[in-house]
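Hello,

Here is the structure I promised to pass on to you. My notes on it follow below, and I hope they are handy while you look around.

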Amino acid sequence: MVGRLIISLDFELLWGVRDTEDRQSYGQNILGAREAIPRMLDMFAAEGIRATWATVGFLFCETKEELLACLPEERPAFRDPRLSNYSYLDEVGPDERSDPYFFGASLVDRIARTPGQEIGTHTLSHTYCLEDGQTANALRADLKAAMLLAERRGLTLKSIVFPRNQYSDESLAVCKAIGLTHFRGNAKGWAYRALPGAGQTRPRRAVRLLDAYSGALGAQLCEPATRNGLVDVPASRFLRPCAGRLAPLHPLHLVTIKRGMTAAAEQGKGYHLWWHPHNFGRELEANLQGLAQILGHFRALRDQFGMVSCAMADIQ
């Protein structure tokens, strides 16, 4: 079997961080993501890259009227109300032109028009599966509403990426019951376990940080398996942004990623790279240059080993 590079992106805009950030604190990243997405798509098209864009369902909406009309009756009752994006609906503007932070229909259309791109789901409201107050019924209602919005745009959702990588056997069973077929599982190891926010302790974050720049936990090759009737396409590495105090270490991070890609190509296995478009929102050029290095390395592995590019739903 030839090696496979799998790419998935968590497409969220402000919905993905609203429990901790707002327009003032994170708006530059969101507006930068809107510039980054078309440029990433152009790079993918030029290199024949397939990718899964796990999209928050609210981004399919063109107006606030459409958004409010899609809301399910049953919603999670999180103990911490800040975790629910339903708490922030009064902040949303009337449409995408006036509010580019919460609407993304034009970007969804741009993704859908680009060859090789799969649009998946990141739930309707960026809801969390392991936080206190979530229920199977609320998750089902949320996902069914997301699938209906996609269908109205002529899209069929097959793959899911769970917000904050939180999932359980119960949430996978819900996904299977409503017709989803693939999910992005977590990388191997204690530091990458699916946990609620309270479980993401400093030691876990420190180990993940060390691993990102050194590959200390190994190549984390993607070996798909069936779990609860869905295809688990586990993550290999989060593409961290080149920004802030760790920017000087970014070359080490890219070396770690390329080393893992090479191992996958040599062993005929998968390498699943993922990130958020808003990670590119600051220092856009530096981040696009880093992505160009990764895609250039893929091109070399394709020529030498026959490595192929895959979206999540391509994996069997």
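Aspartate 99 counts as buried, at 1% relative accessibility; buried here means under 20% relative accessible area, exposed over 50%, and partly exposed in between (1.4 Å probe, protein chains only). Aspartate 99 forms a salt bridge with arginine 23, with 2.7 Å between the closest N and O atoms; a salt bridge is a side-chain nitrogen of Lys or Arg within 4 Å of a carboxyl oxygen of Asp or Glu. Because aspartate 99 lies in the loop between α2 and α3 and arginine 23 in helix α1, the pair ties together parts that are 76 residues apart in sequence. Arginine 23 is partly exposed, with a relative accessible area of 31%.

Before you go further: this is a predicted model, in which local features need pLDDT of at least 70 and side-chain atom pairs count only at pLDDT 80 or more, while totals for chains, interfaces and linings use all residues. Residues are numbered from 1 along each chain as its sequence is written, and side-chain values use heavy atoms, with hydrogens and water left out. Helices (H or I, at least four residues) and strands (E, at least two) are DSSP runs, numbered from the N terminus.

How many salt bridges does a search of the whole structure find? There are 18. One of them joins the side chains of arginine 164 and aspartate 19, at 3.1 Å from N to O. Arginine 164 sits in the loop between β4 and α5 and aspartate 19 in the loop between β1 (4-11) and α1, so this pair ties together parts that are 145 residues apart in sequence. Arginine 164 is partly exposed at 38% relative accessibility, whereas aspartate 19 is buried at 16%.

Lysine 188 and glutamate 223 also meet through their side chains in a salt bridge (3.9 Å, N to O). Lysine 188 belongs to the loop between β5 (182-183) and α6, and glutamate 223 to the loop between α6 and β6 (225-227), so the parts tied together are 35 residues apart in sequence.

Now to the nonpolar side. A nonpolar core is a set of buried Ala, Val, Leu, Ile, Met, Phe, Trp, Tyr and Cys residues joined through side-chain atoms within 4.5 Å. The largest one has 83 residues, and Phe44 and Trp275 touch the most other members. Helix α1 (residues 23-47) gives the largest share of this core, 9 residues. Apart from this core lies another, of 9 residues, including Ala54, Val161, Met312 and Ile315. Not counting residues up to four places away in sequence, phenylalanine 44 touches Ile7, Leu9, Ile49, Ala51, Trp53, Gln117, Trp275, Leu291 and Leu295, contact being heavy atoms within 4.5 Å.

Helix α4 (residues 136-152) may be worth a look too. Its 17 residues reach 25 Å from the first C-alpha to the last, close to the 24 Å expected at 1.5 Å a residue, a span taken as 1.5 Å times one less than the number of residues. Among the buried residues of α4 are Leu139, Asp142, Leu143 and Met147. The buried residues of α4 pack against α2 (64-69), β3 (117-121), β4 (159-160) and α5 (169-178). Just after α4, glycine 154 takes a positive phi of about 80°.

Best wishes
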